[in-house]
Amino acid sequence: MPLSTKHLLGLEGMPKEEIQLILDTANSFREVLDRPIKKVPALQGKTIVNLFFESSTRTRTSFELAERRLSADVVNFSTDISSVRKGETLKDTARNLEMMKIDMVVVRHVCAGTSRFLSNILDANVINAGDGMHEHPTQALLDMYTIREKFGKLEGLNVCIIGDIGHSRVALSNIFGLKTMGANVSVCGPRTLIPKDIEQLGVKVFHDADKAINEADVVNVLRIQLERQGGNLFPSLREYRRFFGISKERLEKLNRDITIMHPGPINRDVEISADVADGEHSLILQQVLNGVAIRMAVLFLLGTRG
Amino acid sequence: MNLLLKNGHIIDPATEIDAIADILVVDGKIEKIGQGLSSPKQSETIDLNSKVVAPGFIDIHVHLREPGFEHKETIDSGCRAAAAGGFTAVCCMPNTNPAIDDASVVRTIIEKGKNVLHGIVDIYPVGAATMARAGKELSPMFELAEAGAVAFSDDGAPIESAEMMRRVLEYAGTIGKPVIQHAEDVSMTRGGAMNEGIVSTSLGLPPMPPIAEDVLIARDITLVEYLGSAYHVAHMSTAGATELVRQAKRRKLPVTCEVTPHHFALTDEAVRSYDTNTKMNPPLRTQRDLEAVIEGLRDGTIDVIATDHAPHSFDEKQVEFTAAPFGIIGLETAIGLSLTKLVHTKILTLQQLIEKFSSNPRRILGLPKISIAEGESANLTIFDTAVEWKVDLDKFKSRSKNSPFSNWPLKGKSFGIVNNGFAYINDKILS
């Protein structure tokens, strides 16, 4: 079965079978990553451009590794822009790239909807590597893969996402994907970090971290963006750490083990304490490894659907 | 110009006429209204086949973009769009460059308008309330009014400070001119791109809460109650604001308001396409808000339909959603959308629709009354309520094509206008 769409723009509306297909395909690439020679010729002759308009080390590296391990030719195009650029428009940039015969575009941008915008004007496959506060589908896919790897299933599991839900594309993609796969999703944070009416997406809302994790099998801890404090969304990192930080003390009150995840990069001892991040129930490094396999799966499925 | 309009369905709420009759226009004046009129020599005769003949429509919220942004629209293209859309008059907003904060700008705009289609479309400029619309110093409103400005506004932006708003209301009130407020508490909407709600959350677009509109209107109504000056809410879009204005009217305050066709025809669901032609300010709201403004239109809380015609060039809109400018064109779809969404759905009668496009806005701005009666100047909008058509932006006269209504099927359309001794019918000027 091929994917029904030419692009991966987000997980909203993606059918369960297709998410399943990506996760299953990632399984076989995970196995490739354990081989001495971690390279397959699946995308030989394909040219992929990594179009990053927002700084990223982890995601870009992960995509680039995935692309190279599938034997694709890789071009990196990075410009760090915090606000919208003057000068060449995104449309012109994209059209220029297209004339260079690009097969696939991996794009990250500060503006929501940018990958969709590119998919409307380009012939190439477009993969969203994060668009503003909208979606980050490969992150959610690798999170789901990691959870499934540990629990053997997604259906019926209770996953709590804690942090700045309102500004998080990781949260939104996880909510869409996990709900489709039959998991129960909750979000937790002060009201300033939770979008109004988010219950309408079928998630439970908590404002008390202890209560939130009490019901959870998995806690996905979001990075607290230090720069967001200017928006007056919470008073200080100290206060956030005390009331929403995931610490060993908080987890010990539970009397049971709980799985810890984090999309990275982590702020040690802010949203997550070092002992929890490095603890035995943390899957944080596993997520990084699985990220390459998931991205290989996505690139492979889109690049070979014909 | 001698023109015989046969078999028009004349509707004029002012004279309470509602009948099929012929109208003979001689030298720009209505010479005779009656049955079976015969045409005098050298006159054009048009059989209207029961098309509606109404007092001339005015769009009191138009961005003509000139001076300063002629790549988006000019006085020439904007007036042609108005004529094609069925308007005999427009009010142009002051967010030009330079802003309309000097009498010379007012005069230039009015003069230029007289050269377009023989001046068939009257332009009534809205002067800036503060210098350069910066909210710091009062504009010379007396001089601007003397030159022809009919109201004052910093539209495009709100008059933010309560103290400044107080002085604007007092000063404009001195000469009996209304203040038109773009009601938006910008401290709540900064960086926003669409209405706050489940759709903005799902799309990850920075939100603009509806209450940003409501809180400014609530403050302004408090000022109006204290000062007594006339206050008009531009492009009102929320359920909360509609209720605030309804209450203010119950208290007999001089508060009026307008709604745009896009706010009664579309909701924020349309933004799911990330089409930048669904990005405007105020943003498209929720179904609940849409129903509230429709109720406001029905019960008379909302006095006026105005388009907030806001042209932007193709390339300006072909960018990331958050980077795109706010606004859509509206002059050439207003009558079609209003008939389709309000009259054919029995929300408004034709009389009520005509009031909201003609007599109400003219009254709010203190413009001369017009009516369809013998001896009066012929200032007419003629429209066909039954014709079914599809929006074809390529055929529009506006220089810009930024509309979310491309290819929309509509029922009802402007047929032509008569004003200042000329008629514009079927794309042709008759003189």
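Predicted model: local features only at pLDDT ≥ 70, side-chain atom pairs only at ≥ 80, totals over all residues.
1. On confidence, the predictor assigns the complex an ipTM of 0.92 and a pTM of 0.94. For chain B the mean pLDDT is 97, and 100% of its residues reach 70 or more.

2. B:Y274 also has a positive phi, of about 55°, although it is not a glycine. Is B:Y274 buried or exposed? With 24 other C-beta atoms within 10 Å, B:Y274 is buried, and its place is in the loop between α9 and α10 of chain B. Most residues other than glycine have a negative phi, and most peptide bonds are trans.

3. Two cis peptide bonds deserve a look. In chain B, the bond from B:N281 to B:P282 is cis, with omega near 0°, and B:P282 lies in the loop between α9 (261–265) and α10 (287–299) of that chain. In chain A, the bond from A:G264 to A:P265 is cis, with omega near -10°, and A:P265 belongs to the loop between β9 (259–261) and α10 (274–277) of chain A.

4. Turning to the interface, 24 residues of chain A are in contact with 15 residues of chain B. On the chain A side, the elements that contribute two or more residues are α3 (90–99), α4 (114–121) and α6 (169–180), of which α4(A) gives the most, with three residues. By class, this side of chain A has nine nonpolar, seven polar and eight charged residues.

5. Helix α2 of chain B (residues 103–114) has 12 residues and should span 16 Å at 1.5 Å a residue, which agrees with the 17 Å between its end C-alpha atoms. Its buried residues are B:V105, B:V106, B:I109 and B:G113; seen down the axis of α2(B), they fall within an arc of 105°, so they line one face of the helix. The elements against which these buried residues pack are α1 (75–85), β7 (87–92), β8 (122–123), β9 (126–128) and α3 (141–147) of chain B.

6. Chain B also contains an open sheet of six strands, in the order β9-β10-β11-β14-β15-β16, with parallel pairing. Because β9 and β16 (304–305) of chain B stand at the edges, each with a single partner strand, one side of each is left without a neighbour in the sheet. Within the sheet, strand β11 (residues 179–181) and strand β14 (residues 231–233) of chain B run parallel and are joined by three bridges, with B:V179 standing opposite B:Y231 in β14(B).

7. A last point concerns B:L227, which lies in helix α7 (residues 211–227) of chain B. Which residues does B:L227 contact, leaving aside its neighbours within four places in sequence? They are B:R166, B:L169, B:E170 and B:G173. The C-alpha atoms of B:L227 and B:R166 are separated by 7.8 Å, although the two residues are 61 residues apart along the chain. With 15 C-beta neighbours inside 10 Å, B:L227 counts as partly exposed.

Technical notes:
Residues numbered from 1 in each chain as written. Chains lettered and ligands numbered in written order. Contact = placed C-beta atoms within 7 Å. Helix = DSSP H or I, 4+ residues; strand = E, 2+ residues; numbered from the N terminus. Nonpolar A, V, L, I, M, F, W, Y, C, P; charged D, E, K, R; others polar. pLDDT = per-residue confidence, 0-100. Expected span 1.5 Å × (residues − 1). Buried ≥ 20, exposed ≤ 12 C-beta atoms within 10 Å, placed from the backbone. Arc of directions from axis to C-beta. Pairing = 2+ DSSP bridges.
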